[in-house]
Amino acid sequence: MKTREDSDLDLASQIYSMDATEQRFASQIYSMDATEQCGGVDFLRYENTVKIPSRAAKPQTWQTDELLVYLPGLDFTGLSAVSTFPALSSEFDLWWCRVGGADRTQFVELADTITDFICDKGGEHRPVTILGESFGGLLALGVAQRLLDRRNVNLRGVVVVNAATSFNSSPWGQAGPLLASLPTSRLRDLFPTPVQSLIPPLSVYSAVAGAVLALTVPDTTQVVRSTRNIFNEIIGGGGSEVSSRAEKQSQQLFDTLDSLATRLGPETLQFRLNYWLKDGCEDVNPKLSMLANKVPVLVLAGEEDRMLPSSQEASRLLSILGKTCTATILAGVGHAALFDDRLDLLSLIGNSTLFAETHHVPEINYVSDFERPNATTLERAASSLESLRTAVSPIFISTDANGRAVPGLRGVPLPSEVGRPVLLVGNHQLFALDLGLLIYQFLNETGTLPRGLAHPAVFGAGAARPEFDESTAGDFSPGTFRRELMRGNRAAGDVADGEGNDGGVAFAGVGNFREFGAVPVSPRNFFNLMKENEMALLFPGGVREANHGRGEDYKLFWTKKPDFVRVASRFNAIIVPFGAVGAADSLNIVADSSEMQSLPFIGDRLREQASAIPAARRAVRSSDEEPENFGFPLALPSSRGPDRFYFRFGKPFDTQHLDHRDKGAVEEAYSVIKSDVEGSIEYLLKEREKDPYRELVGRLAFERINARQAPGFPLAKPPYS
């Protein structure tokens, strides 16, 4: 007489097409005694004493003392993943769980028990990976959430395969209870006596449940293999015994389907649907964001999963779990993804974010992944800029549609008002000292955050692969202005490595500059900013302009290629040219970058540092265009102290009627915009001479006495528009 375990293995053999070797291996695994027990949960350790031919390649050699805990599907036996055990155990200390059909441990208690087990077996110096399949995937994420509150646990990450986090949004929320409500009476009893002998000797529940499993669990390849195996068993011997072998195969199928009533009967199914899947989804899904950007998660989804909407769920999980999550859709694979030898699970794990220190981390989407800085961050930024704003007391002027100069930013169109992207294009001042002031003014006066297109050095090497010339340096801390005036030659790149971030200084270094929406300069990022109707900030002169030499104050170093105009016009963007002055008059350049790199002893070092920084410009194609040079001049504070900073935003240039395919029209528009920037610079240099509070001492005295900003020069329509 067959045991329950034999029937379960026969069922697996029929559905998943296990060959004889695999059946023997599964039988040994299935009959193993628990290594440890906790409550109603058996924990079993795979000792690698049972062998099965494994075709899974090893991507690398890991420490075998790393812990991997496998959490099975709803049957919670581990049977569906046994073929992966030998390969996994070669690189991990492999454990899995088992819960009997009669056990009534609920989801929260089950998750807590497994969490306690992992804390006991793991440790601060022993990485732990959790692998969950189907219901086990839901459970694995619940355990990971609990581990966040546990100390001294080194959670390497979570791997989920066809995770049942989608249960509540799948048809099983309604169909499952109906299936569990089916009677266990004999199916043949429902038919008239004359035909009962023709009906399989199954219970109603077993017949329907077996049919549902056969239709939803295996994928096409597994169905073909199973059919082929059954066919070979029947006709393999030939002769008169074909009929008896067919009868034997049929009886074996009936016996194994009927075993469902014992192993995962209606009562057990109903319990697990309600208290495992339903309660599990309610416990885990609302808290998924806890894991975002904290715990590496690999989501594997079978393309042919007919049990759960796994492909769609992979996209949902990816959107919630953030940059540390990767998702892979497994082509041609169904719900029982781990059952046979087609999936190289070990390589998938090894090449995921779980082992990010040795493998590629997915590219960050700087445009869509950005979250607006919160009130605390904005407060910190304002505080960090306070000394700079006091020192330079910036004046902002804009131009309305009629060409009239107006105070502040009233003349600058905003994406929220015009329903189109807005591109701010201007000159880059020395050491990019104006950047923080400009961002702050827009946030404070309009509530709009201009998103800068920044040099790749701001984000670290490899953050972007720029392919057009427009770029920004954007990596010098405005909040460090006073220290720079005193010290002189601090290179902007020194604060762009993310290590020396100046404690909350806005726009200083990788973290904070990114906090305020900067993206690495690249055609894709610029395109996406325009597509998303953002306000973008572009300095076409880039680092060459920000690190200019002696005698080059406020000179533009733009290339001849009008790429940004062409892209902006594709989205009917409004381009606002602007000019800014003040920084170059606050510092005296002692030696420009080329002179610094020619100095004995330190010159070689400076050249090496400059050449190691990724370029934001492509190879220069014209002899009158200079290649990008990330060398910095040596500058000392002016004896007069910081000059006043002035910003003038010119008349908006609407590209709505500009055909981006018309090369001549695009080049003409580019020339007009560049001339407008030069006109604004010329206007500011001339008009600031009329400012009675341009000089530092008088300005500081006025503002201290009157507790308000000192006025600037009187506004008039500039003749340079």
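How many aromatic pairs does the structure hold? The model, which is predicted, holds 21 aromatic pairs. One of them joins Tyr 70 and Phe 85, with ring centres 6.1 Å apart and planes at 70°, so this pair is edge-to-face. Tyr 70 belongs to strand S3 (residues 67-71) and Phe 85 to helix H3 (residues 85-89). The two residues are 15 residues apart, and their pair links distant parts of the chain. Both Tyr 70 and Phe 85 are buried.

Phe 76 and Trp 276 form another edge-to-face pair, because their ring planes meet at 65°, with centres 5.4 Å apart. Phe 76 sits in the loop between S3 and H3, while Trp 276 is in helix H12 (residues 266-284), so the pair ties together parts 200 residues apart in sequence. Phe 76 and Trp 276 are both buried. Ring pairs also link Tyr 46, Tyr 70, Phe 85 and Trp 96 into a cluster.

Charged side chains also meet rings. Arg 104 lies over the face of Phe 271, 5.0 Å from the ring centre. The charged end of Arg 648 sits over the ring of Tyr 683, at 5.4 Å from its centre.

Helix H4 (residues 107-121) has 15 residues and should span 21 Å at 1.5 Å a residue. Its end C-alpha atoms are 21 Å apart, which agrees. Buried residues in H4 include Phe 107, Leu 110, Ile 114 and Ile 118.

Leu 198 lies in the loop between helix H7 (193-196) and helix H8 (204-216). Leu 198 counts as exposed because its relative accessibility is 69%.

Conventions: Residues are numbered from 1 along each chain as its sequence is written. This is a predicted model: local features need pLDDT of at least 70, side-chain atom pairs count only at pLDDT 80 or more; totals for chains, interfaces and linings use all residues. Side-chain values use heavy atoms; hydrogens and water are left out. Helices (H or I, at least four residues) and strands (E, at least two) are DSSP runs, numbered from the N terminus. Buried means under 20% relative accessible area, exposed over 50%, partly exposed in between (1.4 Å probe, protein chains only). The expected span of a helix is 1.5 Å times one less than its number of residues. Rings of Phe, Tyr and Trp (its six-membered ring) pair if their centres lie within 6.5 Å; planes under 30 degrees apart count as stacked, over 60 as edge-to-face and the rest as tilted. A charge sits over a ring if NZ of Lys or CZ of Arg is within 6 Å of the ring centre and within 35 degrees of the ring normal.
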